[in-house]
Amino acid sequence: MLPLRCPLLLLLLLLLPLSSRPQKFPTRDEELFQMQIRDKAFFHDSSVIPDGAEISSYLFRDTPKRYFFVVEEDNTPLAVTVTPCDAPLEWKLSVQELPEEASGEGSGEPEPLEQQKQQITNEEGTELFSYKGNDVEYFVSSSSPSGLYQLDLLSTEKDTHFKVYATTTPESDQPYPELPYDPRIDVTSLGRTTVTLAWKPSPTASLLKQPIQYCIVINKEHNFKSLCAVEAKLSSDDAFMMAPKPGLDFSPFDFAHFGFPSDNNSGKERGFLKSSSKFGRQTSSKPRVDLHKVCVGNKNIFTVSDLKPDTQYYFDMFAVNTNTNMSTAYVGTFARTKEEAKQKTVELKDGKVTDVFIKRKGAKFLRFAPVSSHQKVTFSVHSCLDAVQIQVRRDGKLLLSQNVEGVRQFQLRGKAKAKYLIRLKGSKKGASMLKILATTRPNKQSFPSLPEDTRIKAFDKLRTCSSVTVAWLGTQERNKFCIYKREVDDNYNEEQKKREQNQCLGPDTRKKSEKVLCKYFHSQNIQKAVTTETIRGLQPGKSYLLDVYVIGHGGHSVKYQSKLVKTRKFC
């Protein structure tokens, strides 16, 4: 790096307004230069590119920016790397001869500073390379002439960040991780919610033993060409870049001293000096992009999980040198996750009850296609255990979405040649069981009607050593009620009772010895639809589980909530 460092200090002093100081080139101070290289603030937004250090800077849309560096000797190796972040860049590298440093020494009078500046800035120089796009692009030369090099950059799309790296010792520096001979990412396994990726290690890690970690980026939009572009997208919105504050981030040489428009015009147009706005710029808020970055250390295989089925994802891999924090992009890839396994659709027959079992958090699909025209269609659902969710669509249009507990009936407007798709979603607590009936005949009611409250009430004051008295609610519809009893242990608890709350199990599953009686009951006055019953022949001090079943005209039964009672021990 020796040919570049001393003239860097020369260039800095040339560009400072030091009219009281004699115009002499500074002597080399290697220790000072190394201190300045370590101190990033020294080069922050300076127009000078240091040798062997990456700088980060910004561009405002349609506002060009120019950087300088000096190569002191001919036949010097040179490499320049420009990394666009979130917008394409136009950039050009050119070179011109250095100003003569001894023109004023013969007479003992230094050359005026303004004249030296003119020598630097008025000449256009010879163009060496130009590029337009958003790729990470390089200029590499094994033998470059001495001179003042100019790097001009422009963003025509929007305000953006970018990075620049220049070095005169490219062979020994190697700050960017090297890519393997095959820099592609391989998709080795594909599932509904997972994708497994594999890649070959960077020679920088495997051969040079430098600390390399790999970072994977996942998104649904497109591949990224640099980690800088990823970091820009990860910001909250399009205004990820804070506008620089006047006097702090701007060098006075950026515009007026290097032939750019003075801040009298550009500053006013862009509002750098306005105090009414926080930064004098309007920012357009955008929703955050669905973008994830995960660094996996030095692994060469990784499984991305928690993806959505049947969705296309883009995967990018970046090798990051943890010493320099500089990165290189592998060739990105994309893959679509597998579809969800298609579930078999159960066909419902008009007026026939169908039993449905659903796994925990699972779902079932049913189809009802009436063979004749109809004005109305009725869906009756009997949830045996916990609540389930029912959705009904007619020819793709959502008509119903409800949670069902116990017995519910839904009547929907019919349509000629309509087809109904029913989606039943189970409980998060456990497996679900239910019965469902679909019919176009409004009088076809297989399930009995139920009151809102299906509890059984026991009267403590009427409890004896051999009997208990209970009551339950009925409806205005005449139905058959059957009551059953079963002796249980004294340690029988609510948790055991809950496990036996399958409302779809009918009296046919009970022992004949457990049956107490059956009777018909209804009341036109819903307020008086209450019936009581005394169960006799019980043992003193014993616990019993009581169940009441209501049986509809179609023969289907629904069980009320079980009631645990205990007779008196002493009478």
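Predicted model: local features only at pLDDT ≥ 70, side-chain atom pairs only at ≥ 80, totals over all residues.
View 1. Residues are numbered from 1 along each chain as its sequence is written, and side-chain values use heavy atoms, with hydrogens and water left out.

**View 2. W472 and F481, a tilted ring pair.** Rings of Phe, Tyr and Trp (its six-membered ring) pair if their centres lie within 6.5 Å; planes under 30 degrees apart count as stacked, over 60 as edge-to-face and the rest as tilted. Here the centres of W472 and F481 sit 6.3 Å apart with planes at 45°, so the pair is tilted. W472 and F481 are both buried. Ring pairs also link W472 and F481 with F521 and Y560 into a cluster.

**View 3. The disulfide of C384 and C504.** Look for the sulfur atoms of C384 and C504, 1.6 Å apart; a disulfide is a pair of cysteine sulfur atoms within 2.5 Å. The torsion about this S-S bond is about -85°, so the disulfide is left-handed. Both C384 and C504 are buried.

**View 4. The disulfide of C465 and C571.** Again, the sulfur atoms of C465 and C571 are 1.6 Å apart. A torsion of about 115° makes this disulfide right-handed. C465 is buried at 11% relative accessible area, while C571 is exposed at 75%.

Notes. Buried < 20%, exposed > 50% of the residue type's maximum accessible area, 1.4 Å probe, protein only.
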